[in-house]
Amino acid sequence: MSNRFVKNTSWILIGQVVRLIVSFISAALTNRYLGPANMGIINYSASYISFFTSLVSLGLNSVIIYELVNNRDKEGKILGTAMLMRLFTGIVSVFAFMGIMLTVNGNETLLVEVAFLQSLQLPFLCFDSINYWYQSNLNSKYTSVAQTVAYIFSTVYKIVLIIIKEGTLWFALASTLDIFILGGFYIVLYQKQKTQRLGFSWSIAKRLLRNCLPFILANIMVVIYSKMDTIMIKHLLDGTAEVVDTQVGLYTTTIALCNIIGFIPIAILDSGRPLIAEAQNKGEYEFNVRFRQIAAGIIWVCVAYSLFITVFSKHVIYIVNGKDYLGANICFKIAVWYTSFSYLGSAKNFWLVCKNKKHFVFIFSCTGAVCNLIMNFIFIPMWGINGAAIATLVTQILTNFVVPMLFKDTREYTHCVFDAILLRNMQLKEILTTVKVKLFGR
């Protein structure tokens, strides 16, 4: 099992490292070429897209792996049902999204056109379900290669646009092309390696919806407190459209830099979910140990990155985005500390699935959304994008650490996280012994 985990995590990490390198090149060139104002337009629209992406996901991210691990004889129907549900939701979401954009920003022609091009990716998100099938089998090397190739293609596309000096609209299409190409790779891979044919079952659809409902609602709340800051910056700050779009661009590119380290906690969590699910069948002690190990990896990787950024934030901004973005320096120093708690939130959701306490997902997320909205209303007019960064940090701490401590049924999760922070009760001696044997043969 440990070998499978290490190999699977390694493949995910390799793919993510390649994408990290490519993203540096892509961000450095694109952000400089478009400038903060145009990036603000693209990222403002992308914030709305994130809301509908959470709807299209149907909260399956935390549930489908658990379903696949525990129902291997029905994995074809589980996967097919999930994909069809997401496809239908994606098509509906395109029309809903464009309706909102025309109502709220109908007088901004460029923004509406950008929004339309980005909305076309929503139906194709259904193919991401295949990725979770590979994760459930601890066999992510194929999807990692597919993701890397699709990302490289998207980056080359942006570089070509810069060379031929195309406008903002063509850059808005990049994310849609990325999702479309990746979906095609996923279909080809599954057709070659499938163990069962895809199918559809109303009974499975009902079970998935019943189990995912708390996560659908929770995902909406998460998007509200993770993306509404971008929308509120645009509508709460005073100034001309260009000035406000510039502030949006500074903030959103800063948040993107904060999440560059995300490839490591994501790899740890993606490979760790099947191990946690299987450990549950071995007893409470084994389950808690596995969860502490995964949580510790997520937390300490993010803390190390946050310390680095606190010291070198200005240099990172200048290297990646250029001098036009240095106005986000203080915002970067504040916002980067939210990453530990943000990625820990995904681990928390899976813990709640395994413990059959899914209803708490909505409670925690709703609390976070309300707190974030209130703090943004207060802090953004006072401190601009720095206020938005403070609101985001406080919200993540409350939602993923403090609030679970207030409920008896979820206090055990907080204890595990606290142990993970202190590196306690995690069988570290056994882990070190295993590593020593792998490296030195004894």
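User: Is Lys165 buried or exposed?
Analyst: This is a predicted model, in which local features need pLDDT of at least 70, side-chain atom pairs count only at pLDDT 80 or more, and totals for chains, interfaces and linings use all residues. Residues are numbered from 1 along each chain as its sequence is written, and side-chain values use heavy atoms, with hydrogens and water left out. Lys165 sits in the loop between α6 (141-163) and α7 (168-172). Its relative accessibility is 69%, so Lys165 is exposed (over 50%; buried is under 20%, partly exposed in between, with a 1.4 Å probe and protein chains only).

User: What is the phi of Lys165?
Analyst: Most residues other than glycine have a negative phi. Lys165 is not a glycine, yet its phi is positive, near 60°.

User: Where does Leu423 lie, and what is its phi?
Analyst: Leu423 is in the loop between α17 (411-422) and α18 (428-440). With 41% relative accessibility, Leu423 counts as partly exposed. Leu423 is no glycine, but has a positive phi of about 55°.

User: Which word describes the packing of α14 to α16: parallel or oblique?
Analyst: Helix α14 (residues 339-354) packs on helix α16 (residues 385-405) with the axes 8 Å apart and at an angle of about 45°. Angles under 35 degrees count as roughly parallel, over 145 as roughly antiparallel, 65 to 115 as roughly perpendicular and the rest as oblique. Therefore α14 is, relative to α16, oblique.

Technical notes:
Axes are lines fitted to C-alpha atoms, for helices over the stretch in contact, and angles run from 0 to 180 degrees between N-to-C directions. Helices (H or I, at least four residues) and strands (E, at least two) are DSSP runs, numbered from the N terminus.
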